Amino acid sequence: MTPQLLLACLLAPLCARVRGEGRWGGASPQAWRQHEGPRRVKRAWVIPPISVSENHKRIPHLLVQIKSDKQQPGGVIYSIKGPGVDEEPLGIFSIDKFSGKVFLNAMLDREENDRFQLKAFALDLGGVTLEDPTDLEIIVVDQNDNRPLFRQDVFTGHVVEGAEPGTCVMTVDATDADDPDTENAAVRYSILEQGSAAMFSINATTGEICTAQPGLDRETVGVYNLTVQAADMSGDGLTTTATAVIYLEDINDNPPEFTKEEFSMEVEEEAPGVDVGKVFVHDKDLAGSPNWLAKFTILEGDPEGAFAIRTDPHTNDGVLSVAKPLDHEVRDRFELTVSVRNERPLAPAAAASPRALATVRVRVRDVNEPPVFRENPRRVSVLEGAPPGTPVTTFTASDPDSRQLQTLTYALLYDPADWLQLDPHSGTVRTKRELLHPSAFLQGGRYIALVLARDDAEPPLSATGTLSIEILEVNDHAPVLQPNAGVVCGRPGRGGNLLLGATDSDRPPHGAPFHFQLSPQDPQLARNWSITRFNVTHAVLAVLVELPAGPYSLPLLLRDSGTPPQEQQQLLNISVCYCGRDGTCEDGVLAAATAGAGITLGALMIILGSTILLLVLVVLWAAWARGRRRALRKGLLQSSRDDMRDNILNYDEQGGGEEDQDAYDINQLRHPELFLSRVKPPVRRDAPLSSATPLAPRKLPSSPSDIKDFISEGLEVADSDPSVPPYDTALIYDYEGSGSVASALSSIISSLTDEDQDYDYLSEWGPRFRRLADLYGQ
């Protein structure tokens with residue numbers, strides 16, 4: 001038996017089981033995934049990984065040939081699937097389906113895909129699976145086709161000047177896209193250029209740059225520009241370059257120095273705060289830094305502190321200014337010793353040097369100075385009511401220019417009430433009119449005026465002095481009782497007390513405390529009344545014995561605490577009321593007593609009499625009017641007993657409010673000629689049937705002002721008509737609108753046949769109709 005036959009006999013049961021469990025048959029090529037499992041694959045069908053170099057230019061290129069020994073050659077169909085075939089990127093690999101040769105159809109880039117995982121399939125001509133799918137791995141072999149790349153074009157670092165060798169400044173780094181496991185990505189660093197002196201070195205492996213030599217001086221070289229290189233293949237391959245910029249940081253190793261030893265300046269006297277001049281310095285350290293900023297000090301020549309010196313932050317120069325006003329007459333020259341140093345102390349590595357000093361000479365120029373009021377403001381006092389011409393004060397100024405002969409004159413600059421007069425030469429102030437208090441011109445009890453002093457120099461200068469005059473209070477007012485009336489209960493104890501107060505127009509100390517007492521001229525008052533102090537402005541009046549109700553007048557003596565004290569006798573009107581059980585006035589009594597409080601007994605009697613007389617007149621008028629209405633009503637009812645057609649003139653129409661558009665129009669009276677020209681004359685409903693309408697209407701008024709005469713003539717015509725009862729023809733109220741929901745008022749008398757109408761039901765309509773019921777119900 002041949003080996004092939006023996007192999008076929010051994011594999012026959014296995015093939016039968018595969019067909020029994022479900023061959024691929026006509027299934028799709030993906031059906032192999034449903035049958036994957038831990039099966040043993042024949043060695044002939046296992047394909048080892050295939051390596052191919054990237055950038056392979058011979059295309060197409062045979063990679064491998066796969067084959068299956070399940071059928072005779074030509075009876076197997078091969079296929080591959082996976083990335084590079086039917087997945088992105090497409091079309092890179094292909095296979096000859098009959099020979100099983102796998103080809104590379106495009107150049108590969110390892111940096112994009114370093115390997116491809118494919119699946120290989122073997123089918124018979126009928127589409128039945130001959131072999132289980134097997135893995136086909138294609139590995140892309142790297143080539144040195146990428147240069148190293150620095151992460152940035154320019155690297156920046158800082159190091160202080162004077163740094164020791166070996167001080168690390170910065171690190172540069174580069175990357176290589178080639179295979180990191182090969183020499184193609186092994187990067188090494190170097191410095192190509194850094195100037196004449198090799199002050200820095202670089203670590204070839206890490207790219208760290210450090211100082212290599214001492215002597216870094218910012219004032220000599222402030223910035224170093226290094227050209228660094230990165231090369232792969234351990235320094236022998238592809239290269240790239242970048243720039244490393246190293247800045248030296250400043251330290252205070254240079255003290256400031258004056259540009260010269262002496263400076264001269266001039267300044268005018270009496271000019272505080274002005275700048276006199278500058279002293280100039282030079283510092284080699286970094287401009288604008290604390291190591292550069294100078295600080296100046298005046299060491300000698302200014303014991304009074306007349307000058308100050310500060311630093312100009314832009315130029316670093318010293319600015320000398322006047323701190324206190326200078327006086328040429330006192331001192332006209334100054335010689336100052338000024339020193340300078342940095343804000344920060346010198347670095348330990350800096351060379352020792354003496355402190356920088358300079359001499360500043362300042363000359364003070366003489367100028368005309370304004371007068372000066374030594375006492376400003378001047379405070380004086382004047383008694384209230386002082387007569388005109390009373391001396392107030394002498395308010396003068398002095399001229400600081402003692403070396404110049406000048407004359408001062410004075411004038412009132414501000415005198416709001418025109419109370420003062422001023423001597424222009426001596427500065428004496430007197431009153432021009434009586435000073436009043438209180439006044440709107442006083443501020444806190446003081447009168448403020450301004451005095452102007454002027455010299456006669458060229459140009460003249462002036463000064464203003466403030467004169468504050470206190471108007472001293474004079475006790476010229478006695479306290480006034482407030483209020484001067486009250487109500488008390490006529491029984492001692494509760495309710496028999498009244499709190500009294502007083503006011504005084506004078507200011508303290510001529511006002512409170514006030515003293516209250518009963519008039520010494522009426523000693524009998526002390527039997528019924530007493531006064532005790534309550535506080536500095538009030539006292540309590542008390543009833544000592546039970547008093548009958550009525551008005552009382554008590555003379556009181558009030559005195560203030562001024563010097564000398566002022567007193568005044570005043571009348572207090574007291575209304576004594578009937579006391580209730582709780583010590584208060586009974587109801588009605590207090591109101592009547594309060595109404596009478598504050599007036600005399602005679603005035604109270606006059607008011608009461610007038611009130612009674614007025615009430616009598618009102619009652620008589622009401623009785624007369626009531627009788628007249630009853631007589632008039634009786635006559636109307638008797639005369640209209642036989643003819644009760646509509647004597648109340650149809651008051652059953654009350655109008656429809658805002659919806660009533662048929663109400664009487666007042667324009668008919670204002671323009672009767674327009675109205676009468678459009679309508680027929682009205683027919684009187686109460687006239688006899690034989691009565692006829694007048695043949696011609698009366699003459700219309702020529703203007704609205706004649707309406708009154710027109711109406712009066714109509715009334716006269718109606719009154720003189722003998723055929724009908726008296727009726728006002730000029731006022732026809734037989735129509736007052738339509739659609740009113742109000743009931744007719746004529747129903748009040750429409751059902752009467754005699755005068756015995758009962759009006760008592762009107763009282764049931766509410767309080768508004770009770771008065772009507774009283775008038776017509778009797």
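I took a disulfide to be a pair of cysteine sulfur atoms within 2.5 Å. I worked on a predicted model, in which local features need pLDDT of at least 70, side-chain atom pairs count only at pLDDT 80 or more, and totals for chains, interfaces and linings use all residues. Residues are numbered from 1 along each chain as its sequence is written, and side-chain values use heavy atoms, with hydrogens and water left out.

**Search.** I searched the whole structure and found 3 disulfides.

**C577 and C585.** I found the sulfur atoms of this disulfide 1.6 Å apart. The link is left-handed, with -65° about the S-S bond. For burial I used relative accessible area: buried is under 20%, exposed over 50%, and partly exposed in between (1.4 Å probe, protein chains only). C577 counts as buried at 2% relative accessibility, and C585 counts as buried at 16%.

**C168 and C210.** I noted an S to S distance of 2.4 Å for this disulfide. The link is right-handed, with 70° about the S-S bond. Because C168 lies in strand β10 (residues 168-171) and C210 in strand β14 (residues 208-211), the pair ties together parts that are 42 residues apart in sequence. I took strands (E, at least two residues) and helices (H or I, at least four) as DSSP runs, numbered from the N terminus. C168 is partly exposed at 40% relative accessibility, whereas C210 is buried at 12%.

**C489 and C579.** I recorded a disulfide here with S to S 1.3 Å. C489 lies in strand β35 (residues 485-489) and C579 in the loop between β41 (567-577) and α2 (589-596), so the pair ties together parts that are 90 residues apart in sequence. I found both C489 and C579 buried.
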